[in-house]
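I am opening a notebook page on this model. The entries below record what I looked up, one topic at a time.

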Amino acid sequence: MTPAPLVLDGLVVGAMLFALGLVGILARRNLIVMFLSAELMLQGVSVSLVSWSRHHGDWGGQMLVIFVLTVAACEAAVALVFVLQAFARTGRLDSAAWQSLRESNLPRVVDHELPASDAEALQFPRLTPAGVQPEIDEDEALEREHV
Amino acid sequence: MVDLDPKTLLVLVPALPLAGAILTVALGRLLGPRAHWPAVLSIAAAAVAAVTLLVGLGREVASSADHDHAASPVELTPVTLWQWASIPDAYQPAAATGLDLGDDLTAKAEGLPAAIPFTIGIDLRLDPLTAVMLAVITCVGLLVAIYSIGYMHDDPGYPRFFALVAAFVFSMAMLVAASNFLLVYVFWEAVGACSYLLIGFWFRKPSASAAAKKAFLVNRVGDFGLAVAVFLLWMTYGTLNFHDTLLADGSPLPGILGMERLADPSGYVAGGVGTAICLLLLLAACGKSAQLPLHVWLPDAMEGPTPASALIHAATMVTAGVYLVARCAPLYVACPAALTVVSIVGATTALVAALIGTVQNDLKRVLAYSTISQLGYMFASLGTGTLLGFTAAIFHLVTHAFFKALLFLGAGSVMHAMGGVIDMRRFGGLRRVMPITAATFLVGSLALAGIAPFAGFFSKDEILASLHARGWPDAHTEHHDADPHEGHAGLDLPAAAAFQAVSFRSESDGSAGGADESASTFRTLYWMSLFTAFLTAFYTFRAVFMTFTGPTRVPDEAGHHAHESPPVMTWPLIVLAVAATVSGWWLFSTHALADFLAATPSLTAPAVAATATPHAFHLDLALQGTFAAVAGIVLAAAGHFGRRSDGPQPERYLGPFETLFAHRFFIDEIYTALIVRPLEFVAMLSAWFDRSVVDGLVDFVARIPWGIGAVVRRLQSGLVQRYAVAGALGTLLIVLMLAWRLRG
Amino acid sequence: MSPDGGLSIVGTVLAVAVGCAAASLWLLLPRGESGLRERAARRFGMLLGAVALGLFVATGHRLGGVGEEATFLVVSLVAVIGAAATIVTRSPVYSAIWFALALAGVAGVLLVLGAQFLGVATIVVYAGAILVMFLFVLMLAQPTGMASYDRVSNEPLLSAVAGAVLLGLLTLFIGRLSAGPPSCCAVPTKAAALAGANRPTDESDEADAASEPAAADTPNTPALAGTPSAAAGSSPTTHRPSPPDMLARDHVARLGGELFGRHLLAVEAAGVLLLVALIGSIAIVSRTPPEERLEARPRRASA
């Protein structure tokens, strides 16, 4: 039994989304973008599941997608909390900020000299964390790149 | 007890001490101060069993001797406990394999089956020689064990000591009861191990552990000889059993000392191979019995506890060499050249050790050199190759076991009282402090010096007689003819004929030269032995005078300890003193031992038995021996009671020789220069090779993973995303490979 | 579906597409460049990406004839371009917005594939809840200016190759699916197994199905082609039930029945999971690291 063309196309689209998500999660260093890429991979899987569901005439695929949505929501909630905590510690959203797992005698990997960016710094609306304004730690502030 | 089968008794003699040793090891800590019970009781029971065997066998010999005057062999059929090893068709006689082992071997191999299995059974055998040895071992062992209860009390290794003594008695009993050369070898090593452990009993003392190592290493040289001798014996005779055995197909396999071979004088290999076997066995005996040139370990072995010295290094273990040569008498008689070597080695050792003994100031070392010297006597006697020589050696072995054990235990008693001091210059006049020890020590000294009627006189007289008989065969014949009373149980064959037979054999073998040459050799040996007797008396009484006479002097170490030893120590001394007094006279006058030993199968071989001479008391020899001994005592007394009161000072008489004797003929120094230093150099080279080349290789191998790791560790950057990339690429690689395989 | 010769051409096209995709992604990903070089690389990358996309569409056309379904083509292009832009945009805020666009595309694809509820739910849950949460987080944790880590990538070349090769592999396997019945897919359809169970509810549809014979070519190839509207009434005239069932008018009702019928327990578990995630996030976010707490107190006291 050969799947119908639409199903195949759905599968291809799902594969593309999944592959792009993979590239994003492997290459991008911004934690937020990495999570967006993870969501992209979930989307790709969802599309594939729906295609197969349609092909087999079974609700199982769609059911699974519903639970994928649920899990994605949970994951986003918890993971974003971690991202926030990480940002609170380093002032960066950089996945390369944590290198403690490296061999003890290796130097820390740092970005080589970047040419000055000519792109104008975009300003987006910001939210201040609620509650008492924390004391600014000078040492920590020095470690931070941009705060 | 009397209902027990002799075979059961024979098994019990070694088995009981073994059980005692195991019990002591198992219960030693539990029993605490009573740890001696298992060992002492088991050795006592073994002694009873051994004496019962001796008496029973003695009766049998006596009854067989009544019928005909010839010494007929008496032997118990071997007891096979179990089969230790069995290899079918192990031995291919030279004729079958085509190996050229020389004419002698080929000739011997002709009568053998095509292929002989190599079977080693745990066989125990009893004959008069073994019975005598067993009795001596267990009786002396018992007395020493009882004595040790007092001597070793409060020693932290108390149970260990008794376990070792019991293990030694077991090993020694097995050694003399074994009916197989391989078993002999095994227990030869076992007694060596016990000796090592007992010399190094106080292993925290560096000198003791060094002495133990020295004894062990020097014994290895001898053990090597025994091992090669065993190999040669197997190649020559196709078996290692003493007794005759029946093969599986029913054909008889004559044992090396079996009746079949003994009956035929040509049953033993002579010539090169036979002499090699005999000399290798002699090498083994030299190691164990501390003969030149392997005697260096025995004086050092005195570092061990004195009871161990008395038991192992004076009375029993060191006689294993004498036993081995006596046991292999038929092999030796077939090779007169080897016999002469035995005698020369023995007499030389006796003289050299006696010379060294004259300048020793350590009481135990004097006794150690005297032991070496007396063992030399035994070897000299064995080397005569006559029945008289063999029995005299064993006779001297028995009496020596008693009086030397007595002397050692007496020395131990002195040492015990003096707080461990054994230097004779530091004490004196002890006869007032410890009368029993002094009296018994005097008895032992008289026996050792060879003063009638103490034991040593008779046994030494027999040894001198055996040497004299070889040196002046004609005189002996005349003497025999002039002797009005005929021997009690000797052969009717005249002694002259016997020596002619020996001479004939030596001439026919063409290896030992003529009878005259051999006689002149033995004349020299006789005079050497006589001079040794003089020296023996001198150094023995020098020790006695220094220790027990003169004003009473006690070293500081003794403190309040200077008193007579407890009864548990003095009673063995008294028993041994009685034995040392009466055993010689009794055994000589009744000829009980000689006749008994003459019934030993290996001594009834025609070649040996033909040399039997009627028992006779040689007055001239006895006078010569007594004169030498008295002269020695007088000289010692003169030196001691002369102008100076601090004992006889040999350097006054000896001059430059004193240095030579005091340094023990520089033999240790020669060994150090010739063997130890080159070995140390080789060891140094090996150590360098090991450290730089072998270790360098190992280090190099170890550096390979290290180097790989140094490169690969750069991948461990700690960046999680890099790990993720690697993981994804790896997964893709696997999927690609799977896809490639599914492609077809 | 296509002969062997066709397959080899498809394979070549696919290989070129994979290469173009990898190169395009590598060029587009931030690599710490700036100025003209960066702009040129991005333009070229976009061009290559377009070529790659076109090639993939072409293979898809050869494979399944997706070009005939304009709607599907449009929504899927939106989804893929949005996704690609998500991962190559420097600014995380723009990334999030591109992600929203990609979500819209995916929702469209889901709708085309006949999962109306899921399409809507994706929009609602993702775009309405999750994405907004992302944006909030971005606003909370936003460094000023362009961060250096947004301008460089981690192993861009290897990552791009990995993604492209994965895509190529998946496309190849999907192409195999269409080429013939491979052994791996020869599983009996679950629909057949469920046939008996669905039978009674199918009664009403069968009348409609009979009036539209166009979709029912053969019993063995269920009509999967077509928009939901077109396929809504298409149901096999034979006893074989199913795929069309899912495209029925009461699709959502059936989905709900299935969800709260067979999967009730899983739904409850999912609810618990949501609750746990909620509580867990609150617990974590309200916890300051212990060393910070220790250091903070005396400092505040001194100040």
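**Entry 1: Asn361(B)**

I looked up Asn361(B) and found its side chain in polar contact with the side chain of Arg542(B), at 2.8 Å. My cut-off for a polar contact is a pair of N or O atoms within 3.5 Å; within protein, one must be able to donate a hydrogen and the other to accept it, and residues adjacent in sequence count only if both atoms are side-chain atoms. Asn361(B) sits in the loop between helix H15 (336–357) and helix H16 (363–382) of chain B. Helices here (H or I, at least four residues) are DSSP runs, numbered from the N terminus. Leaving out residues up to four places away in sequence, Asn361(B) touches Ile422(B), Asp423(B), Met424(B), Arg425(B), Arg542(B) and Met546(B). Contact means heavy atoms within 4.5 Å.

**Ground rules**

I note that this is a predicted model, where local features need pLDDT of at least 70, side-chain atom pairs count only at pLDDT 80 or more, and totals for chains, interfaces and linings use all residues. Residues are numbered from 1 along each chain as its sequence is written, chains are lettered from A and ligands numbered from 1 in the order in which they are written, and side-chain values use heavy atoms, with hydrogens and water left out.

**Entry 2: backbone of chain B**

I checked the loop between helix H10 (271–289) and helix H11 (297–300) of chain B, where Pro293(B) is placed. Leu292(B) and Pro293(B) are joined by a cis peptide bond, with omega about 0 degrees. Ala290(B) is in the loop between H10 and H11 too. Its phi is positive, near 55 degrees, and the residue is not glycine. Most residues other than glycine have a negative phi, and most peptide bonds are trans.

**Entry 3: chain A against chain B**

I found 16 residues of chain A and twelve residues of chain B in the contact. The buried area is about 1100 Å², and carbon and sulfur atoms give 59% of that. This is the accessible area (1.4 Å probe) that two parts lose on being put together, summed over both. On the chain A side, Leu26(A), Glu103(A) and Leu106(A) lose the most, together 42% of what that side buries.

How many salt bridges are there between chain A and chain B? I count one. The side chains of Glu103(A) and Arg713(B) form it, at 2.6 Å from N to O. The criterion is a side-chain nitrogen of Lys or Arg within 4 Å of a carboxyl oxygen of Asp or Glu. Five residue pairs are in polar contact between the two chains, both residues at pLDDT 80 or more.

**Entry 4: a salt bridge inside chain A**

I searched the whole structure and got 15 salt bridges over all chains. One of them pairs Asp94(A) with Arg29(A), the closest N and O atoms being 2.8 Å apart. Asp94(A) lies in the loop between H3 and helix H4 (138–143), and Arg29(A) in the loop between H1 and helix H2 (31–56) of chain A, so the pair ties together parts 65 residues apart in sequence.

Technical notes:
Helices (H or I, at least four residues) and strands (E, at least two) are DSSP runs, numbered from the N terminus.
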